[in-house]
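Please read it alongside the sequence and the coordinates shown here.

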Amino acid sequence: AAPFGVNAGLMHEAVLKAKEEDKKQCKLLLRSYARLSHELGITTKLHLTMGTGHIGELVCEYVKSHKIDFLVMGRRGLGTVSRFFLGSSSKYCVEEADCNVVILKHAFGPEIIHDTTKAEVICAEEEERQWRIKEYERMLEEEKKTREEESKQDLENVKKMEEEERHR
């Protein structure tokens with residue numbers, strides 16, 4: 001087996017590659033929505049964007065900063081338990097957005113087909129998590145060494161000052 005650092009580095013690269021592939025898929029999906037809107041004769045200005053973080057907060061901030069007056073978004077159709085643990089972006093936007101909001105209940109648009117299995121994604125995410133933990137521990141160790149070196153230097157400076165004081 002490869003050393004942890006090598007394997008984690010490779011898994012980190014795999015996660016970054018998967019994220020980049022997801023970004024490409026998102027762009028394709030956004031373009032397909034823009035094309036469909038145009039074909040349907042929707043002439044109002046559409047805002048299609050991507051971001052990372054809590055989706056509801058991102059959408060509401062975008063609505064506010066771009067002075068959007070009408071928001072249309074879909075929902076994932078989570079059950080009660082899943083919604084409790086994961087939250088609901090659409091519900092958040094209905095309650096927090098500074099505009100009227102319409103929620104589409106059913107899926108709309110082309111299905112996205114992924115080339116990895118759910119088990120592979122879970123494995124890659126766990127490897128990434130382990131790598132981050134090791135990096136955090138390494139950072140803490142470096143900070144501890146730095147503090148110890150600074151403490152030694154401070155102690156030496158104090159001894160030097162005391163010695164100078166004795167010579168006076």
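Glu163 and Arg166 are separated by about one helical turn, because they lie 3 residues apart in helix H5 (residues 118-167); helices here are DSSP runs of H or I with at least four residues, strands are runs of E with at least two, and both are numbered from the N terminus. This is a predicted model, in which local features need pLDDT of at least 70 and side-chain atom pairs count only at pLDDT 80 or more, while totals for chains, interfaces and linings use all residues. Residues are numbered from 1 along each chain as its sequence is written, and side-chain values use heavy atoms, with hydrogens and water left out.

**Salt bridges**

- The side chains of Glu163 and Arg166 form a salt bridge at 3.1 Å, N to O (a side-chain nitrogen of Lys or Arg within 4 Å of a carboxyl oxygen of Asp or Glu).
- Arg166 is exposed at 60% relative accessible area, whereas Glu163 is partly exposed at 35% (buried means under 20%, exposed over 50%, and partly exposed in between, with a 1.4 Å probe and protein chains only).
- A network of salt bridges links Glu135, Arg138 and Glu142, with Arg138 meeting Glu135 at 2.8 Å and Glu142 at 2.4 Å.
- Glu142 and Arg138 are 4 residues apart in helix H5, and therefore about one helical turn separates them.
- The whole structure contains 6 salt bridges.

**Nonpolar core**

- The largest nonpolar core has 8 residues, namely Cys60, Val63, Ile68, Leu71, Met73, Cys93, Ala97 and Cys99 (buried Ala, Val, Leu, Ile, Met, Phe, Trp, Tyr and Cys residues joined through side-chain atoms within 4.5 Å).
- Helix H2 (55-65) and strand E1 are the elements that give two or more residues to this core.
- Beyond residues up to four places away in sequence, Cys99 touches Val63, Ile68, Asp69, Phe70 and Leu71 (contact means heavy atoms within 4.5 Å).

**Strands E1 and E2**

- Strand E1 (70-74) and strand E2 (100-104) each supply at least two residues of a nonpolar patch, and Val72, partly exposed at 46% relative accessibility, lies in E1.
- Ile103, in strand E2, is partly exposed with a relative accessible area of 25%.
- Although Ile103 and Arg75 are 28 residues apart in sequence, their C-alpha atoms are 6.7 Å apart in space.
- Setting aside neighbours within four places in sequence, Ile103 contacts Met73, Gly74, Arg75, Ser90 and Val94.
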